[in-house]
Amino acid sequence: MSTWTLETTAEDAATALRDQIRGKNVIVTGVSLKGLGAETVRVLAPYAKTIILAGRSQAKIDETIAEVKKETPSANLKSVILDLASLDSVRKAAADVNALGLPIHVIINNAASPQPPTLTKTVDGFETQIGANHLGHFLFNALIFPAVLQAAKEDKGFAPRVVSVSSGAHAFSGEINFDDPWSQRTETYNKTAAYAASKTANILYTRRLAKLFKAHGVLAFSLSPGLVRSTTMGGAASDAELQSFGLLDAQGQPTVPELWKTLGTGTSTQVIAAFDPVLKDKSGTYLVDGKDADEQLAPFAKDAEKEEKLWQLSEQAVGQKFSA
């Protein structure tokens, strides 16, 4: 499609890809105002057939819907309550999606848990960040996957896609401890390492999903949006933490300016991942600035044995398999 650059915004991408977006049913998780998910909904709204907004708070979903409707009154927006830190909530949200009876062309796994300063657990006993960012999405995707396969059968001109928002932070300290991946037996905790591990899980999940469902015509991509300080997640890291990662210098200035994004440029890659036809032969890849960036992956994030092991452990943890 277009030549994507560091300056490409989500609106630029949606405009360029509008013919691919038209007629598609899309789910976006994590849709609070001023976040990447809400921006995704905003730019897709003029073209998509249906957008399902999935989030923990109906009030926050309604705020986003109201803002999007101001710009695109004709947008067909639906909502489901989804708390990724509760498997029961995930099951109910998936049932609500399935009750709509729609083929699902794109799932955008955008939501992410805030980084708690001390060890916290989900309702089901998993460390909060990997529990919500990975396991919650894993179960949600598995339960609505028949609707994705339905889209693959009904629309031969478009391969359905599962897009998972990861992070370049996975490479700093994100190796998963497979002896205790959900931190159920340990009391040691580092919020940054836990976040990074959850983002590694997003990548491994994507790579395994792409392999398992290639023959069914379903594509999967993970991505890094860059660092968007204006969002809740982007503002979670202190200057001292960013300096420890080498992202800020001693004076608090960015050391790698291209990693720092506005809301628009930070959201662009998930729009591109969801709809760019150029990517159809790149399923499983990790994207940065709309392009294949597998060379930026840490070795542990592209290990085939780890992909398979995480998939099996995830199925066991949530008690659900993907149906083909």
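I began with lysine 211, which forms a salt bridge with glutamate 307, the closest N and O atoms being 2.8 Å apart. Lysine 211 lies in helix 8 (residues 191–212) and glutamate 307 in helix 11 (residues 304–318), so this pair ties together parts 96 residues apart in sequence. I note that the model is predicted. Lysine 211 counts as partly exposed at 46% relative accessibility, whereas glutamate 307 counts as buried at 1%.

I next looked up glutamate 71 and arginine 42, whose side chains meet in a salt bridge (2.8 Å, N to O). The pair links distant parts of the chain, with glutamate 71 in helix 4 (residues 58–71) and arginine 42 in helix 3 (residues 36–44), 29 residues apart. For glutamate 71 I record 44% relative accessibility, partly exposed; for arginine 42 I record 19%, which counts as buried because the cut-off is under 20%. I also find Glu11, Glu39, Arg42 and Glu71 linked in a network of salt bridges.

I then checked aspartate 292 and lysine 282, joined by a salt bridge (3.4 Å, N to O). Aspartate 292 is in strand 8 (residues 291–292) and lysine 282 in the loop between helix 10 (263–275) and strand 7 (286–288). Both are partly exposed, aspartate 292 at 30% and lysine 282 at 37%. My count of salt bridges comes to 13.

Last, I examined helix 5 (residues 87–99) and helix 6 (residues 128–154), which pack at about 30° with axes 9 Å apart. The two helices are therefore roughly parallel, and their crossing is right-handed. Among the residues in contact are Leu87, Val90 and Val97 of helix 5, and Leu139, Phe140 and Ile144 of helix 6. By class, I list 9 nonpolar, 2 polar and 1 charged residues in this contact.

Methods: Residues are numbered from 1 along each chain as its sequence is written. This is a predicted model: local features need pLDDT of at least 70, side-chain atom pairs count only at pLDDT 80 or more; totals for chains, interfaces and linings use all residues. Side-chain values use heavy atoms; hydrogens and water are left out. Axes are lines fitted to C-alpha atoms, for helices over the stretch in contact, and angles run from 0 to 180 degrees between N-to-C directions. Helices (H or I, at least four residues) and strands (E, at least two) are DSSP runs, numbered from the N terminus. Angles under 35 degrees count as roughly parallel, over 145 as roughly antiparallel, 65 to 115 as roughly perpendicular and the rest as oblique. A crossing is left-handed if the near helix is turned anticlockwise from the far one by less than a right angle, and right-handed if clockwise. Contact means heavy atoms within 4.5 Å. Ala, Val, Leu, Ile, Met, Phe, Trp, Tyr, Cys and Pro count as nonpolar, Asp, Glu, Lys and Arg as charged, and the others, Gly among them, as polar. A salt bridge is a side-chain nitrogen of Lys or Arg within 4 Å of a carboxyl oxygen of Asp or Glu. Buried means under 20% relative accessible area, exposed over 50%, partly exposed in between (1.4 Å probe, protein chains only).
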